[in-house]
Amino acid sequence: MQITATSLGKRFQRDWIFRGLTHLFRPGSATAVLGPNGAGKSTLLNTISGQLLPTEGKLAYTLAGRPVAVEDLPRHLAYAAPYLELLEELTLREMLHFHTRFKALRPGVSAEALIDLMYLEKSRHQLVREFSSGMKQRLKLGLALYADAPLLLLDEPTTNLDATGVAWYQEHVQATRAGRTLLLSSNVPAEYACCDELLLVTDYQNIRAR
Ligand SMILES: Nc1ncnc2c1ncn2[C@@H]1O[C@H](COP(=O)(O)OP(=O)(O)OP(=O)(O)O)[C@@H](O)[C@H]1O
């Protein structure tokens with residue numbers, strides 16, 4: 001998917017979070033959205049995902065050369081973020097079967113195979129509510145990485161992961177990123193080593209609209 005941001009700005013009440021952001025996210029590119037805590041990384045990802053409306057400027061999406069309306073974006077998007085909830089009252093197996101009715105997995109990956117890929121096979125019948133925070137994060141990442149979606153947004157992907165979990169994330173983000181447009185918000189170099197472009201949110205602050 002190609003995303004064109006033109007003079008994009010987002011304001012909450014009287015505070016501009018970013019402004020004058022013009023950027024082309026090319027199909028197949030991996031962009032790290034960087035900046036300190038509170039800089040506006042999640043706000044930018046949420047604006048690009050269509051969950052927040054821009055205050056000014058434009059976002060245009062195309063897939064294989066055809067325009068995609070923002071209301072159709074959820075079909076083409078996989079998103080993992082610490083603030084997105086899992087269906088905690090279901091077992092892992094129930095949750096995956098429910099989730100994949102709405103968001104298909106990549107061709108050739110079944111829900112059962114994904115459980116193994118996430119190293120969660122011993123927890124197949126356990127309630128997601130009972131998972132450790134690292135297990136929940138691996139589940140969120142597994143669902144996003146292995147979704148059949150050309151746009152992948154990852155907000156602070158190694159949150160709650162130990163060293164083994166970080167290595168798992170690095171292996172699986174590499175295995176699944178080809179041909180997708182990846183945007184990843186981060187403060188941690190190990191998270192964004194896979195990215196070929198860096199976008200500093202603070203470059204779009206304290207400025208008038210460009
Ligand atoms: N819904 C909202 N209403 C008002 N202000 C908001 C809202 N969401 C975020 N903000 C403010 O926007 C600013 C940017 O927040 P955001 O979560 O995008 O930063 P971040 O770079 O992702 O931070 P972190 O690294 O801590 O996750 C913060 O000052 C935050 O308080």
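## A ligand and the chain around it

By class, the shell around the ligand holds 3 nonpolar, 8 polar and 1 charged residues. Here Ala, Val, Leu, Ile, Met, Phe, Trp, Tyr, Cys and Pro count as nonpolar, Asp, Glu, Lys and Arg as charged, and the others, Gly among them, as polar. This is a predicted model, in which local features need pLDDT of at least 70 and side-chain atom pairs count only at pLDDT 80 or more, while totals for chains, interfaces and linings use all residues. Residues are numbered from 1 along each chain as its sequence is written.

Which residues surround the ligand? They are Phe12, Ile17, Gly35, Asn37, Gly38, Ala39, Gly40, Lys41, Ser42, Thr43, Ser185 and Asn187. A residue counts as near a molecule if its C-beta atom, placed from the backbone, lies within 6 Å of it. Helix α1 (residues 41-48) gives the most to this shell, with 3 residues.

Let's look at that helix. Because 7 of its 8 residues are buried, α1 is largely enclosed by the rest of the structure. Buried means that 20 or more other C-beta atoms lie within 10 Å of a residue's own; exposed means 12 or fewer, and partly exposed lies in between, with C-beta atoms placed from the backbone. The buried residues of α1 are Lys41, Ser42, Thr43, Leu44, Leu45, Thr47 and Ile48. Their cover includes β1, β2, β3 (30-34), β4, β7 (151-155) and β8 (181-186). After α1 comes Gly50, with a positive phi near 85 degrees.

Now for the strands. The protein chain has 6 helices and 9 strands, where helices (H or I, at least four residues) and strands (E, at least two) are DSSP runs, numbered from the N terminus. Two strands pair if DSSP finds at least two bridges between them.

| Strands | Sense | Bridges |
|---|---|---|
| β1 (residues 2-12) and β4 (residues 56-63) | antiparallel | 6 bridges |
| β1 and β2 (residues 15-25) | antiparallel | 7 bridges |

Gly9 has Glu56 in β4 as its bridge partner. Toward β2, Leu8 stands opposite Leu21, and Lys10 has Phe18 as its bridge partner. The hairpin of β1 and β2 has 2 residues between the strands, and Gln13 there takes a positive phi near 50 degrees.

What about the interior? The largest nonpolar core has 54 residues, and Val33, Ala144, Leu152, Leu153, Leu183 and Leu184 touch the most other members. Helix α4 (residues 133-145) gives the most to this core, with 6 residues. Such a core is a set of buried Ala, Val, Leu, Ile, Met, Phe, Trp, Tyr and Cys residues joined through C-beta atoms within 7 Å. Leaving out residues up to four places away in sequence, Val33 touches Lys41, Leu44, Leu45, Leu183, Leu184, Ser185, Leu199 and Val201. Contact means that two C-beta atoms, placed from the backbone, lie within 7 Å.

Is Ala167 buried or exposed? It is exposed, because it has 12 other C-beta atoms within 10 Å. The C-alpha atoms of Ala167 and Ala190 are separated by 9.1 Å, with the two residues 23 apart along the chain.

Finally, the whole chain. Buried residues make up 37% of its 210 residues. Of the contacts with a separation of 6 or more, 72% join residues 24 or more positions apart. The C-alpha trace spans about 55 × 35 × 30 Å along its principal axes.
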